[in-house]
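Have the model open while you read.

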Amino acid sequence: MISVTDAARAVLDCPEPMGKVRLAKACGRSVAAGTIAEIGLAAAPPRPGRPTRPRLCAPRHMARRRAAGSRAGRIALYHALAHIELNAIDLAFDLIARFADPALPWAFYAEWARIGAEEAHHFELLEGRLQAFGAAYGDLPAHDGLWEAALATSDDLLARLAVVPLVLEARGLDVTPGMITRLRGHGDGEGAAMLELILEEEIRHVAAGWRWFRWVAERRGMDPPAAWAGLVRTRYKGKIKPPFNQAARLAAGFDAGWLELVSSPDRAGTPARR
Ligand SMILES: [Fe+2]
């Protein structure tokens, strides 16, 4: 029997996007069926395998997205989202492979394997949408910001959870409803419905991020909200910017005072270090 770490490593190493999707979904299914039921040893590559296209550029070198109403604008939107989902597959399996630890419950690995399989489904949906417009993932340049944020938190599971699901993926909850409205306004009901499904699942992914963040913080004897605020200050370089999707954030486990925690540093405690 292979371990979940071995299966995660295979997903990470695979450079070809649809191959990565197939391996991610297979891992999710095997974990759900109990045919993968062992954690294994930590083994994450420094960078996941990626195709030669798209060309990766610094976020500041990305061309501005065109108007969502045009064909080119919609291709650019779906391409950017497909790139985020491809990163999300690797981020879920990197949590498994990098932070393999027998002190963590099996439920942690089972949950991130399921989430990684859902991210693979999101990528597949968006690639299908690109193809409906005569395009494909790889046609446009993409940026490497998500993986850079992951690399910056490779040393600590709590920092990774604080920044990746709880800052970067939570940002998706804020911006997706506007995209859905714009797509619907341009008569792209199919794309809008797809993003609605993705948003619903992303709320659950952020909620999982919170649940595991709390679990790890409490075991380290830290107060979870104060620990999160401290890690956002020390480990995340960007700013958390409005407008926020309060309803989605509350559903994902942000409590009412979350924004205050990260916007007024003197109110939050300093997190203890392991
Ligand atoms: Fe996703």
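How do the axes of helix α1 and α3 cross, and within what distance do they come?

## Ground rules

This is a predicted model, where local features need pLDDT of at least 70 and side-chain atom pairs count only at pLDDT 80 or more, while totals for chains, interfaces and linings use all residues. Residue numbers start from 1 along each chain as its sequence is written.

## α1 against α3

To take that opening question: the axes of α1 (residues 4-13) and α3 come within 8 Å and cross at roughly 145°. Axes here are lines fitted to C-alpha atoms, for helices over the stretch in contact, with angles running from 0 to 180 degrees between N-to-C directions. Helices are DSSP runs (H or I, at least four residues), numbered from the N terminus. The crossing of α1 and α3 is left-handed, meaning that the near helix is turned anticlockwise from the far one by less than a right angle.

On the α1 side you'll find V4, T5, A8, R9, V11 and L12, which meet I89, D90, F93, D94, I96 and A97 of α3. Contact means C-beta atoms, placed from the backbone, within 7 Å. By class, this contact has eight nonpolar residues, one polar and three charged. Ala, Val, Leu, Ile, Met, Phe, Trp, Tyr, Cys and Pro count as nonpolar, Asp, Glu, Lys and Arg as charged, and the others, Gly among them, as polar.

## α3 against α4

α3 also packs with α4, at an angle of about 160° and with the axes 8 Å apart. That makes α3 roughly antiparallel to α4 (angles over 145 degrees count as such). The crossing of α3 and α4 is left-handed too. Their contact is made of 19 nonpolar, three polar and four charged residues.

## Where the domains touch

The domain assignment, automatic or from a database, gives domain 1 (1-50 + 70-117) and domain 2 (152-274). Taken over C-alpha atoms, the centres of the two domains are 20 Å apart. Each domain puts nine residues into the contact.

On the domain 1 side, α3 (71-98) and α4 (106-132) are the elements that give two or more residues. The largest share, five residues, comes from α3. Sorted by class, that side has six nonpolar, no polar and three charged residues.

## A look at L77

L77 lies in helix α3. Is L77 buried or exposed? L77 counts as buried, because it has 22 C-beta neighbours inside 10 Å (the cut-off is 20 or more). L195 is 118 residues away along the chain, and its C-alpha atom is 11 Å from that of L77.

Conventions
Two residues are in contact if their C-beta atoms, placed from the backbone, lie within 7 Å. Angles under 35 degrees count as roughly parallel, over 145 as roughly antiparallel, 65 to 115 as roughly perpendicular and the rest as oblique. A residue is buried if 20 or more other C-beta atoms lie within 10 Å of its own, exposed if 12 or fewer, and partly exposed in between; C-beta atoms are placed from the backbone.
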